[in-house]
2 protein chains.
Amino acid sequence: MKRLTALDLGFIYLEKRNQPLHVAYLNLLTPPADAPDDFVQKLVERLRSYAAPLPPFNQRLESSLGAAYWVEDPEFDIEQHVIHLSLPRPGRIRDLLSMVSRMHASHLDRAYPLWRTYIIEGVEGGRIATYSKVHHAVADGIAGTRLTLRSMSGDPHDILPPPWAVPPQGRRERQANLLTAPVTGVARLASRFRHAFDSVPTVARELRQSMREAKQKHPDFVSGNAAPPSILNRGISASRRYAAQSYSLPRAKAAGKVLGGTVNDMVLAMCSHALRRYLSDLNALPDKPLIAGVPMSTRRDRSETGNQIGFMLVNLGTHLDDPLERLNCIVASVEHNKQRFIKMKAGEILGYGATLMAPGLLNMLTNPKGGRLAFNLVISHVPGPRSNLYWMGCRVDGMYPVSVVVDGMALNISLTSLEDRIDFGVIACRRTLPHVQRVLDYLGEGLDELEALAARST
Amino acid sequence: MKRLTALDLGFIYLEKRNQPLHVAYLNLLTPPADAPDDFVQKLVERLRSYAAPLPPFNQRLESSLGAAYWVEDPEFDIEQHVIHLSLPRPGRIRDLLSMVSRMHASHLDRAYPLWRTYIIEGVEGGRIATYSKVHHAVADGIAGTRLTLRSMSGDPHDILPPPWAVPPQGRRERQANLLTAPVTGVARLASRFRHAFDSVPTVARELRQSMREAKQKHPDFVSGNAAPPSILNRGISASRRYAAQSYSLPRAKAAGKVLGGTVNDMVLAMCSHALRRYLSDLNALPDKPLIAGVPMSTRRDRSETGNQIGFMLVNLGTHLDDPLERLNCIVASVEHNKQRFIKMKAGEILGYGATLMAPGLLNMLTNPKGGRLAFNLVISHVPGPRSNLYWMGCRVDGMYPVSVVVDGMALNISLTSLEDRIDFGVIACRRTLPHVQRVLDYLGEGLDELEALAARST
């Protein structure tokens, strides 16, 4: 029996009928070439054989005398948590994404431990998929990444226990082997996440200060009016539209090298182009630039373990027609943020979890009178390992985050960069933001545009 | 724009995270023998081609100035309402029932018209299934039956529009053709259902009076203490377990003929045996008999259209070991109810909808001090047509109701008797009532027991 932290409790109370607060991963997998016909069925049986999970996966919520606790579930039932599904033929990716949209819209039952994994067979090209969700009160996005990576290996013959069955000791070792340095830093920070809630006022003060400075020194970076009103910032329905696609990491890297930007700058420029195009289609592009809230690892020095998580407000330059001007605006905005962060102490740039996942709360704190927004959407980039990954003998073809949208923040773009791919997951309120799958094409256009810019520069 | 009635609004307000208030049907279908490989895909396409539904299927909920209205959805999107799914191989019925359990636990999104139909391929034996749900504020269980039957035909070559696209004029005609007399009466009554909420206090008074009389005259029928506390009457989780099976209508009829009971008496005796066995397994059978709330058509005279809906409190005799004594207890209890209903005016025995679907409300009204229950569970029997039915060219092999459970009423048994089958649908809170699928076996045992009794009597 363990009392919930204030932050975890917040994720329980902030949850609403139209606003479930779980995070998820959609993984796309290719079974081994010699997989028998009943491969998926055996896989499901194997997963279900891990029927005695370790904390927190065996704990459910219980309230008593006005407080909430995590309590071990004495009747843990693996069939409630590991579900076997199939796509109708021909199993198109768009059908898979529709299925994920529906599953992500559905609440976890609080009478049970707050996680569930779906194994989905019948994806075109002989592939399978998994969709795994966990309530945000149990694990945040970064812990979610760790959970997912924890059960993967670089060796196709290495069959590891699923996340809910990895003993704590083994967890740390495997993680150290698998993750590249930035994520090790992230993983370490995630353990501090639980205490981050208290630092939200600090973060809010920093953000206010940042906005004030930006207005004085760099009027183009983050406008003193903060984020403009936009259709991204309306109330949401209970339905979701999920879109996911992989893009070439080497292409983004190569363009960045020529243009003097990081992979993250390229990702933000792709998002900027995509948002500009998407909102223009709907005749809803604000005159002022959109502001993205971007959680980011900011390296203080050259040590492998010296990374920190910051939360940047990035001017996406969506008001600028010229792609080079737009990129320069983004790079300058990121640079401005980084310089601030370097001056800040580690403790001051925490509060990451709360700011990332409860943007409404952050908006409230940065602007107590309401009305104005600190940012229009969250763009979250979690770097992963560069080596090939396998899960239960299957090649991992894609590992797409499925994040959270909330009232006033109807779009979230999350991505992992791993192996040679950037795996984008775009989640939106289906009703507020029509045809959000178009963003995928526009992200691709954005990458083309960056390559064209790079070609002109050489 | 149409304001919600008090009753409909009640179904909106009574809905909770763990207590969605939609009703559904699971239909099991055999496609035509010459169905091509893409039969289901074409079927889904055909259903989606009916993309401009008629009221109430094109209306969504809107609140304004404290009142709630049904408003035409200007952006109606058929893809939100017609979903194509597939079962993983081998497509066992138990997998289908698990899938229905999960789907029934999931809320409809109030930003859209409150209905959804799933077409599920890959059921073993080359079959398919549909699961169609509609919010109780839009249609009650009886209207749900009408909606389902409305799109069916006795002719396999007769392809009718789906329920949401049948014009009002055609609706009435088709109904008259298809439905047997009792259901025609039911259908007529259902139109009064909307106004039934006001008569709930009358019904409550009648029930109180009925309980008082029963105590004086027939102490064994409905105990003055009303329904005993039982595990059926606990709070519920948000998860469901659904179990469904068909039983032979001719067998039940034949046993009833010998034993002097109606099909409905036989159904109640089957339920009584099943509940007795199920609760005994869990060491949770109350010493006093369970009381079922049974909505029922009670014929006043011999006219085809003179049927009325009553709500009976039936003593299920679950405390009695001897099957004949148990049956006699049920038959006497039903007879007692019928005699009361004959003395009552039509208006007095309305309020059916509210009593059936909001048992907590009824319990509150019959016993304002709380604590005591008027009944332990609802057993609902809707008779259907005796002829074979086809839907979109597919033979209808089963038409199983999926009803509602609420806090304090964790089990519901609903059934349709049609063609030569009795199609039982048992829905329960998954957490409160473990292994409720066992009820199916025990229902079968109950029928065996009745046949054995009949054999002894001849």
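The contact between the two chains takes 36 residues from chain B and 36 residues from chain A, where contact means heavy atoms within 4.5 Å. The model is a predicted one, in which local features need pLDDT of at least 70 and side-chain atom pairs count only at pLDDT 80 or more, while totals for chains, interfaces and linings use all residues. Residues are numbered from 1 along each chain as its sequence is written, chains are lettered from A in the order in which they are written, and side-chain values use heavy atoms, with hydrogens and water left out.

The same surface serves both copies, as 100% of the contact residues of chain B recur in chain A.

The area buried between chain B and chain A is about 3,000 Å², and carbon and sulfur atoms give 36% of it. Buried area is the accessible area (1.4 Å probe) that two parts lose on being put together, summed over both.

Twelve salt bridges are found across the interface of chain B and chain A, each defined as a side-chain nitrogen of Lys or Arg within 4 Å of a carboxyl oxygen of Asp or Glu. One salt bridge joins Glu15(A) to Arg17(B), with the closest N and O atoms 2.9 Å apart. On the side of chain B that touches chain A, the elements giving two or more residues are β5 (82–86), α3 (93–104) and β6 (115–123) of chain B; helices (H or I, at least four residues) and strands (E, at least two) are DSSP runs, numbered from the N terminus. The largest share of this side, four residues, comes from β5(B).

Within chain A, three strands form an open antiparallel sheet in the order β1-β4-β3, two strands being paired if DSSP finds at least two bridges between them. The edge strands of chain A are β1 (2–3) and β3 (59–64), each pairing on one side only. Six bridges link β3(A) with β4 (residues 67–72) of chain A in the antiparallel sense, and Gln59(A) has Glu72(A) as its bridge partner in β4(A).

Chain B also has an open antiparallel sheet of three strands in the order β1-β4-β3. There, Gln59(B) stands opposite Glu72(B) in β4(B).
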